[in-house]
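Work through the exercises below with the model open. Try each task before reading its solution.

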Amino acid sequence: MEFNEYQVAANRTLYGNEQVLTNCALGLAGESGQLIDLVKDYTFKGKDLDRDKLIDEMGDVLWYLSQIAQWADIPFDEVAEKNIETLNQRYPNGFTPNA
């Protein structure tokens with residue numbers, strides 16, 4: 001699935017038409033926190049990292065990001081492409097620690 005296809009399909013489940021940006025930004029923060037809690041529990045509490053829960057939380061984060069882009073009339077492919085361009089400029093030879 002392409003990013004733009006995902007964005008359109010995800011938009012089908014967006015609810016409301018007022019304060020969408022605020023709702024999505026707050027939702028993104030909340031879902032990011034849930035993802036972080038999974039990593040925290042794995043790192044500091046010795047819990048198993050549940051792959052299915054990780055996928056679910058990453059999907060929720062992706063949904064909110066896609067809908068923020070949708071609200072701003074930004075194709076989601078453009079977000080991904082711009083990010084890769086930035087990474088390529090920042091790390092033209094790939095990332096190497098202490099370089």
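The model is predicted: local features need pLDDT of at least 70, side-chain atom pairs count only at pLDDT 80 or more, and totals for chains, interfaces and linings use all residues. Residues are numbered from 1 along each chain as its sequence is written, and side-chain values use heavy atoms, with hydrogens and water left out.

**Exercise 1.** Find which residues are linked in a network of salt bridges.

*Solution.* 
- Start with the criterion: a side-chain nitrogen of Lys or Arg within 4 Å of a carboxyl oxygen of Asp or Glu.
- The structure holds 3 such bridges.
- K45 pairs with D41 at 3.4 Å, N to O.
- K47 also pairs with D41, at 3.8 Å, N to O.
- Now check exposure, where buried means under 20% relative accessible area, exposed over 50%, and partly exposed in between (1.4 Å probe, protein chains only).
- D41 is buried at 16%, K45 is exposed at 54%, and K47 is partly exposed at 45%.

**Exercise 2.** Explain how K40 and D37 are placed in helix α2.

*Solution.* 
- Helices are DSSP runs (H or I, at least four residues), numbered from the N terminus.
- K40 and D37 sit 3 residues apart in α2, so about one helical turn separates them.
- Their side chains form a salt bridge of 3.4 Å, N to O.
- K40 is partly exposed, at 36% relative accessibility.
- D37 is partly exposed, at 36% as well.

**Exercise 3.** Locate the nonpolar surface patch and state its accessible area.

*Solution.* 
- Patch residues have over 30% relative accessible area and no salt bridge; nonpolar side chains (Val, Leu, Ile, Met, Phe, Trp, Tyr) are joined within 5 Å, like charges within 9 Å.
- Areas come from the Shrake-Rupley method with a 1.4 Å probe; for residues, only the protein chains shown count as cover.
- The patch consists of I84, L87, Y91 and F95, with about 380 Å² of accessible area together.
- F95 lies in the segment after α4.
- F95 is exposed, because its relative accessibility is 58%.

**Exercise 4.** Is Y6 buried or exposed? List what Y6 contacts beyond its sequence neighbours.

*Solution.* 
- Y6 belongs to helix α1, residues 3-11.
- Its relative accessibility is 19%, so Y6 counts as buried.
- Contact means heavy atoms within 4.5 Å.
- Neighbours within four places in sequence aside, Y6 touches M1, G59, L62, W63, S66 and F76.

Notes: Helices (H or I, at least four residues) and strands (E, at least two) are DSSP runs, numbered from the N terminus.
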